[in-house]
Amino acid sequence: MLKKESTVITQADTAVSMDNVTKIFTQWQRENAGKGLLKNLFKPQKKIISALDNVSFNVKRGEFVAYAGPNGAGKSTTMKLLAGMLQPTEGNISVLGMSPDKDRIKIMRKLGVLFGNRTELWWDHPVSQSFEWKKAVWNIPNAVYRKNLEMVIELLDIENLLKTFARELSLGQRMRADLAMMLLHSPELILLDEPTLGLDVVAKRQMIDFLKRINHENDVTIIVTSHDMDDLEEMAQRILMISGGRIAYDGIFDGLREITGSPARFVLTMDGGFVPSLESGRLISYENGVYEFEADITKFPIRKLLRQLSDMDGIKDVEIHKASIEHVIAGLYASWK
Amino acid sequence: MADKMTWKRFLKLLTVYAKMDLGSLLRDTKFMLIAIISDIFANISAISGIFLLAWKFNGIGGLDRYEILFMLAYGSIVNGTIEVFGSPNAAFPSRIIGRGQWEHMFIIPLPYGIQLLTGFFPFTCSGRFLSGIVLMCFAVPNLTSALSWQQFFLLAGNGIVSIIIIVALSYLVSSLAFYAPVQCEEISTTVRYSIEHTSTFPLSGMPDFMKLPLLTIFPAGLTAWLPALIILGKTPVFVTIYPVIFAALLSLTAAHYFKKGFRYYVKKGINRYHAGGHRC
């Protein structure tokens, strides 16, 4: 693990607790060739996969936590374990002080779950019908339902979707409607697995703003997975990174930059014929007189770098960017392979 | 938001599904009516062969024409009731498992049994039930002796027992879908429809080696023929209890294996790693 921030959390403060959780799956190995097919018939080959390996973490009530990791790292497995859809091979899980295995119904009254690749809306009914169904099945009191319905209609801009069949909605509209339905019972904890999957910039913006708002104003605990690190950084206060079934980082986003050396990007646009040379930077790309360098500003102070630039001839323009979290994490993923 | 399941709450849940179903009927009336009428035609054509034979030969195996019609109507009502409560999927649990739809059920704060029982579609899935009622209305007045109130009581009681047998069998075979979701997705459909088609044949006069399996390991005879005999008073009294005992044992067995399969599914099942895979 790269870093672990230790804080004392009491039981009442804890929304989610995973304690040495291991989840093992068996994957059958199959061959297509004749000999392999026969071998498979008599002695099938199995591969044991540790989707989660002794994972422990706590999430405090009211926190907005990003749960990230490369493909196959164990993110969705964690979400399914927390939602009670799977049981761990070993270890203990507590959600809102209850066991997902034993207290499924009680937890589901306080939990909202949204998987980006599936919908909870009734496919062949108008969206409003799905909302009415949820009200009855969750037994939501009229006043709570009305208040939440008004809130989601306004904040998610779904008024014009209410009479449309779920199957006729675009992906972005469907996600907004799903998110709205998930919130109708005032969940205390929300698990979102890839909620921005396939959304355009406007729909994504709407969703991010909304999630930040309900976390801030309603104190709803949110755990979200996504491959879009910039989105995650904008939404969450803390990031849990998982790799190979283990927690690889638990802390704030800027902490990741420190660990990876806090690289900054310098984009220099040069007059024709001039070739820049940045002593403390590494040239990443070059095209039509535009040079991009990367430099670690923790090792080479920005003052020194700026001095170098001011001494350089032929510079038309300079742009300096903090490394995007996307780049920082891509570097981390590459180092974990 | 109390957790307690009361009759009032149960009825409220049924009402929600009924309202949704009525909504479907009223929104897409033309297409829904076509679907209902198609179900009625499909049901009548499925049983008309046996009835025509009974008409031609003035009965089959000790049952006269209208007793055969009574038996066929009984089977239609039983299967129609299952469709009204069990369509589209609750009576075909292997479909729910094979299509990964159980994951939707995990996040609903109701016991799984209640979720399955309250899927109520009294309008759009009523074709078979309605045709069964109409056939029964033709059969009963034409029976050689009028049905007594005790026989109507037996009709209702046996109907419930037959429903339990069919549903229990469907859940028993569906427990296999927890181990191989893709391969067994339609296993309950196959078994249910096989039972339903076989149940239209009157077993009177058949040799024991053919009759016994149809009253035990593949209990099609318990879903129309034997109940019809019991209701019409054509069996010894002690036979009356047999379908009840069978239904109880089958339900317990189905519950045991379904729970066992479910535990396996929750412990081991996930789409990417499961041997049979799950559809997402």
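Modeller: This is a predicted model. Start with one helix pair in chain A. Helix 6 (residues 171-183) of chain A packs against helix 7 (residues 201-218) of chain A at an angle of about 15°, and their axes are 10 Å apart.

Colleague: Why is helix 6 of chain A called roughly parallel to helix 7 of chain A?

Modeller: Two packed helices are described by the angle between their axes and the distance between the axes. Angles under 35 degrees count as roughly parallel. The angle here is about 15°, so helix 6 of chain A is roughly parallel to helix 7 of chain A. The crossing of these two helices is left-handed.

Colleague: Which residues make the contact between helix 6 and helix 7 of chain A?

Modeller: Helix 6 of chain A brings Gly172(A), Met175(A), Arg176(A), Leu179(A) and Leu183(A). Helix 7 of chain A answers with Ala203(A), Gln206(A), Met207(A), Phe210(A), Leu211(A) and Ile214(A). By class, the contact of helix 6 with helix 7 of chain A has eight nonpolar residues, two polar and one charged.

Colleague: Now chain B. At what angle do helix 8 of chain B and helix 12 of chain B cross?

Modeller: Roughly 25°, with the axes of helix 8 and helix 12 of chain B coming within 8 Å. That angle makes helix 8 of chain B roughly parallel to helix 12 of chain B. Their crossing is left-handed.

Colleague: What is the class make-up of the contact of helix 8 with helix 12 of chain B?

Modeller: It has 15 nonpolar and three polar residues, and no charged ones. From helix 8 of chain B, the contact includes Val161(B), Ile164(B), Ile165(B) and Tyr171(B). Among those in helix 12 of chain B are Phe246(B), Leu250(B), Tyr257(B) and Phe258(B).

Colleague: Is the crossing of helix 8 with helix 9 of chain B left-handed or right-handed?

Modeller: Right-handed. Helix 8 of chain B and helix 9 (residues 187-198) of chain B pack at about 145°, with axes 8 Å apart. Ile166(B), Leu169(B), Ser170(B), Val173(B) and Ser174(B) of helix 8 meet Ile187(B), Ser188(B), Val191(B), Arg192(B) and Ile195(B) of helix 9. This contact of helix 8 with helix 9 of chain B counts six nonpolar, three polar and one charged.

Colleague: On to spaces. Which elements give two or more residues to the lining of the second largest pocket?

Modeller: First, the pocket itself. The second largest pocket has a volume of about 900 Å³. Its lining has 26 residues, and Gly113(B), Leu116(B), Leu117(B), Val167(B) and Tyr171(B) lie nearest its centre. The elements you ask for are helix 3 (65-86), helix 6 (112-117), helix 8 (149-174) and helix 12 (242-268) of chain B. Helix 12 of chain B gives the largest share of that lining, seven residues. The lining of the second largest pocket divides into 20 nonpolar, four polar and two charged residues.

Colleague: And how many cavities of 30 Å³ or more does the structure hold?

Modeller: Three. A cavity is a space where the probe fits but cannot get out. The largest cavity holds about 140 Å³.

Colleague: Which residues lie nearest the centre of the largest cavity?

Modeller: Val113(A), Glu120(A), Lys134(A), Trp138(A) and Ile107(B), out of 13 lining residues. Strand 5 (111-115), helix 4 (127-137) and helix 6 of chain A each supply at least two residues of the lining. By class, the lining of the largest cavity has eight nonpolar, two polar and three charged residues.

Definitions and conventions:
Residues are numbered from 1 along each chain as its sequence is written. Chains are lettered from A and ligands numbered from 1 in the order in which they are written. This is a predicted model: local features need pLDDT of at least 70, side-chain atom pairs count only at pLDDT 80 or more; totals for chains, interfaces and linings use all residues. Side-chain values use heavy atoms; hydrogens and water are left out. On a 1 Å grid over the protein atoms alone, a cavity is a set of points where a 1.4 Å probe fits but cannot get out, and a pocket is an open set with protein on both sides within 12 Å along at least five of seven lines; lining residues have an atom within 4 Å of a point. Grid points are joined across faces, edges and corners, and a volume is the space filled by probe spheres set on the points. Helices (H or I, at least four residues) and strands (E, at least two) are DSSP runs, numbered from the N terminus. Ala, Val, Leu, Ile, Met, Phe, Trp, Tyr, Cys and Pro count as nonpolar, Asp, Glu, Lys and Arg as charged, and the others, Gly among them, as polar. Axes are lines fitted to C-alpha atoms, for helices over the stretch in contact, and angles run from 0 to 180 degrees between N-to-C directions. Angles under 35 degrees count as roughly parallel, over 145 as roughly antiparallel, 65 to 115 as roughly perpendicular and the rest as oblique. A crossing is left-handed if the near helix is turned anticlockwise from the far one by less than a right angle, and right-handed if clockwise. Contact means heavy atoms within 4.5 Å.
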